[in-house]
Structure formats: C-alpha cells, structure tokens
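Subject: A structure for you to look at

Hi there,

Here is the structure I promised to pass on to you. Have a look at it first, and then read on for my notes.

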Amino acid sequence: MDTLLAVLDDTIAAATAAGRADLVARLTQAGDRVRDPRRRIVVAGQVGQGKSSFINALLNVDLCPVGDGATTTVPIELAYAPTAFTAIGEREIKSIATITRDQATRIDLGYPSDLLKDGIVLIDTPGLGAAGSTVGALELVSTADAILFVTDASTELTAPELAFLRQASEFTSSTAILLTKTDLYPHWRQVEAANRTRTQTTLIPISAHLRKHAMRFQDPQLGAESGFPQLFDFLREVINQGDRAARSAVARELHSAAEHLALKVGSELVALRDPKSADAAVNELHLAKSTAQDLQRRTATWQQTLADGITDLIGDVDHDLRERLRTIAREGDEWIDTHDPGRHWPAVTEWLSSTVDSALGDNLLYAHTRADLLADQIAEHFQAMSTVELPAADALNKQPTIADLEPDIGLVSKMLVGMRGSYGGVLMVGLATTFAGLAMLNPISLGAGLLVGGKAYRDDKQARLARRRAEAKQAIRRFLDDVAFQAAKDGKDRMHRIHRTLRDHYAGVAERTFRSIEDSLRAASDAATTRTTHRTARIAALESQLAAVAELRTYATAHLEAPSEVRV
C-alpha cells in the first residue's frame, strides 16, 4: 500500500498543479478509503442463537448483553478505542441493556481490543424474525465487508434462515455461517453435514463456551476445538479482500485522473511540436467541447431518463410490496377458514411476522436490482461511465404488532351456554306435557332440554368460531396495512436518496468531462501563439509532464488488470 499511496500523492500533486480541484477531491476521497483499515463485519441471526455470546467470546470480554430471548434491540457497533466507552451519538451512556429502538437507532461501543485494533468493526444486530428486522439487517449488510450468520447446532437451517442467506448473498459474497453451541449438542456434526447439503456458504462450527475456557486457561488444544482459529482465517481473508477492493478503487481513480490530465498536456504538446497540425487539433477539440457543452447544457436528456426511471421505480417497488403482502393475506385467510385461529394464534403470529419479514427483504432486493438497471440506463447517455454505489437506507423505526384475539370462553361459560338453551327446552316441553298429566320435570322434558341445550351450545360454538376467524382476518389485515404504510414511506425515502446520488454522480461526470476538454482547448490555442524562443523549453516541460502522467496511467492499469497478492 505504501507504493500506491506514494503514487496517489504524486497524482494529487499533479492535479493540484493543473488547477483541477475536482480531481483532487476524488483522489483525496479514494486515499481516505485506503488509509482507513476498518472492515465492517455484520453479525446476524435469529433470536436466541448466541450472537452476543459469540461476540463476547471473540473479543474475550463481556460487552454485549446476553440472556434468554431478544437482548439486542438496536444495532451495536463495536470498534477499537484506546479507552472503553458506550455512546448514542455524542452522548455517552452507562448501560445498553435498557436501550430500545424508540431511544436510539444505533449504539457505538469502543474497546481497546487487539482484534478491533487490527481493523475489524463488529455490528451486533437485533434478532431476525420481527417485521422489518430483515430489512434493517440487509441495509447494514449492503454497506459491510462481510456477514457472519449465527445459528445454533440444535437443528438444521430453517426456511427463514435460508431465505435471509439468499438475500444477503446479493449484497456481499463474503458470508460465513457460524454453527454455535457445539458443546451443548452432541449431534452437531450431523447438523453440520445436513446444512452443508443445503447451502454452499462457508460453514464454521464454533463454541463460545470452549473459547472462553481456552482463553481463561490458555489452552491451545481447547482453543482449536472451539473452532475460532478457522474463524480468524476467514476474518483475515475479509481484511485482504478489503485491501484489494480499496487498491482497485484507487487504481480506477488514478487511471481516470491520468486520462484527464493527459488530455490537456497532450493537446498543448501536439500544437507546439507541429504548428501545422495545431489547427486540426483545435478543430477537433472545438467539436469535442461543443459535444460536452451540449451534454452539460442539455442535461434534461439524461435527467429526464433519471426522473422517469425513479418515478417508475417507486411505483413498481410499491406494487411489488403490496402484491407480496396481499399474497400473505390470502394465505392467512385460507388457513383461517379451515382452522380455529384461537387455538393456534401464537403460531399464526410467528408465521406472519417471519413471512412478512422475508417479503420485506425480497422487496428491498427488488429495489436494489431495479436501481442498478436504472444506473445502467443513465450511463448509456455517457461514454464508459462507472456504475454508482447505492446508498444505505435507514432501517424501519417502528415495528407493527399483531393484535391478540378475544380468548375462548372457559368451561364454566360453556356450561352456562348449554344450561341457558336447555332451560328453554325443559320449560317449553314441560308445560306441554303438563296437559297430559305429567310433572314439569319429566324424562321427556329433560331429554328435550338436553337436545335444545346441545344445539344452543353448538350454535354458540360456531358463532364464536366465526367471530374469532373474522377477528383474526381483521388483525392480519391491520398488521399488513401498518407494515405497508411504514415500508412504503421508507421505500420512497430510499428511492429519493438513490435519485439524488445518481443525479449528483452523473452531473459531476459531465462537468469534469467538459472541464478537461475546455482546458485542453485553451492550452492548444495558447500554444499556437507561443513564441519560437519559448517553444523548445515548453515542449521539454510538457514531455516531462506527459511522461509522468503516462507512468501513472501505466501503474494504474497494471493494478486494475493484475490481482494483488494476499497477505498471510
């Protein structure tokens, strides 16, 4: 990296000397990415799979809250700091155990750990399963360098877990499945083998408990059995991949800057070397300037494509979301029509939350794919433009909840319903049989009471079942309406951010292209009037500058074409 940074500094100096502040800004930004060694690792998984325990074992310190159920309610970002601190924004806090989503969207936690000092930044996410949790995790994954998906060894990967892994793979190729709690489940090897048949993602069996004991007693054999050495190999590869990505990004910026700088120097040099061909060069530059100026002036062409594309994108993403939610509603209605929701309502709410969560994740992927296609369409208005990086959207701030159904009546209430119906039957038949000389309470009246009471109970049972089914359907629809309302708002905000990013990116491309051609035209025109006595010295200076720029371009091209070495 030292050589790369030296070349980057030389290019920044050349761009500064040429008065190209726009190129200096882009090169400086690329240099900042190289100098920042941090690699963001997202830790995700279902509730109760041991994410926080894993992070504590990895860092060999209890930082994240652990316990039964959902203990991580907001994302926690753990990074290196000389002294430990816990903060929400600029405000330091004493404990994170009681912080909820209503109080913060992220908690920053700093700690003087050797692993964190090497550049690893860990992000502990809330457990998946609740509506919106997948979207929040995927948006963190979209800006991360890798993801560690935590699942325990009690059972094979479930359908929601496989769905999340499929969605996350669209954002990053650096994914590892951590099979936790291997010390608790003797059959973990069978679970590992079954999971390997269901996914091609890297799978690493680990035990946080063994890791803690290994660190406490300094036992290398116990440490090897914990599985953490394989995890460290994966993290080292993530760091190396990040270094290669940063190197490639800088090489692209160097190559682009060299092209811009070479255009001005080369145009002036051609005009000085051969004054006869200067007019032709100036004419070509005038034509190129006219084209670039026209492109810059008539930005309505590509901006109209952008505006239309964003409008269509917002409509299509919203339609995709609503279609997915309507499908879930139909599936819920079909199940309710054939079952008693009162008996299975907890299972229904769990299914609904998980299904909606997965649907929101698929909708985010759809928006991501369509935004990439829109960026390609805008690029067609330019020549050899690079694609823009999509911004990370904010997670859902509010999570809708499913209302509870009215509880079924108890045994005493059921008896009262039957007695109420049987009383009418006994009274009616008993009065009729008194004309035959029988007592009010007789076998006939009692039998009639039982029949009428039974029918009254059955009718009441059917009425209560129909009422519960209607309430269940209404509860599902209200829940889906709340989800659609919140998700639609977040989706539109996401699309507007993409709109601004694409607009600013391509407006900058047009402006830099026009600036380079204008500078080249001015340099070529000035060269035509340069005195003969100054011409030789100016040619020598330009040749030296062009050689330096050519060397920069050659260096950048070599780093773009050849893969860099991997550190061990």
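**What I found**

Thr86 is buried, since its relative accessible area of 17% is under the 20% cut-off. Please keep in mind as you read that this is a predicted model. Thr86 belongs to strand β3, which covers residues 85-88. Although Asp108 is 22 residues away from Thr86 along the chain, their C-alpha atoms are separated by 5.8 Å. Beyond its neighbours within four places in sequence, Thr86 is in contact with Arg91, Glu92, Ile93, Ile96, Ile107, Asp108 and Leu109.

**The sheet**

Strand β3 takes its place in an open sheet of 9 strands, in the order β4-β3-β5-β2-β6-β1-β7-β8-β9, and the pairing is mixed. At the edges stand β4 (91-92) and β9 (202-205); each has a single partner strand, so one side of each is left without a neighbour in the sheet.

**A closer look at β7**

How many of the residues of β7 are buried? The strand is mostly covered, with 7 of its 7 residues buried. In a regular strand, side chains alternate between the two faces of the sheet. Both faces of β7 are covered: on one side Ala146, Leu148, Val150 and Asp152 are buried, and on the other so are Ile147, Phe149 and Thr151.

With β1 it pairs in the parallel sense over 5 bridges, and Ala44 has Phe149 of β7 as its bridge partner. Strand β7 (residues 146-152) also pairs with strand β8 (residues 175-180), again in the parallel sense, over 6 bridges. Leu148 has Ala176 in β8 as its bridge partner, while Thr151 stands opposite Leu179 in β8. The chain gets from β7 to β8 through α6, and this β-α-β crossover is right-handed.

**Helices on the sheet**

Helix α3 (residues 51-59) lies across β1 (39-45), β2 (76-80), β6 (120-124), β7 and β8, and runs at about 155° to β6. Helix α6 (residues 159-169) packs on the sheet too, where it touches β1, β7 and β8; its direction makes about 175° with that of β7.

**Two loop residues with positive phi**

Most residues other than glycine have a negative phi. Against that background, two residues are worth a look. Asn60, in the loop between α3 and β2, has a positive phi near 60°. Is Asn60 buried or partly exposed? With a relative accessibility of 42%, Asn60 counts as partly exposed. Gln218 sits in the loop between α8 (208-217) and α9 (220-225), and its phi is also positive, near 55°. At 60% relative accessibility, Gln218 counts as exposed.

Finally, turn to Arg236, which is in helix α10 (residues 228-273). Arg236 is partly exposed, at a relative accessible area of 43%. Its side chain makes a polar contact with the side chain of Asp233, at 2.2 Å. Arg236 and Asp118 are 118 residues apart in sequence, and their C-alpha atoms are 9.8 Å apart in space.

Enjoy exploring!

Best wishes

Conventions
Residues are numbered from 1 along each chain as its sequence is written. This is a predicted model: local features need pLDDT of at least 70, side-chain atom pairs count only at pLDDT 80 or more; totals for chains, interfaces and linings use all residues. Side-chain values use heavy atoms; hydrogens and water are left out. Helices (H or I, at least four residues) and strands (E, at least two) are DSSP runs, numbered from the N terminus. Buried means under 20% relative accessible area, exposed over 50%, partly exposed in between (1.4 Å probe, protein chains only). A polar contact is a pair of N or O atoms within 3.5 Å; within protein, one must be able to donate a hydrogen and the other to accept it, and residues adjacent in sequence count only if both atoms are side-chain atoms. Two strands pair if DSSP finds at least two bridges between them. Contact means heavy atoms within 4.5 Å. Axes are lines fitted to C-alpha atoms, for helices over the stretch in contact, and angles run from 0 to 180 degrees between N-to-C directions. A crossover is right-handed if, with the strands pointing away from the viewer, the path from the first strand over the helix to the second runs clockwise.
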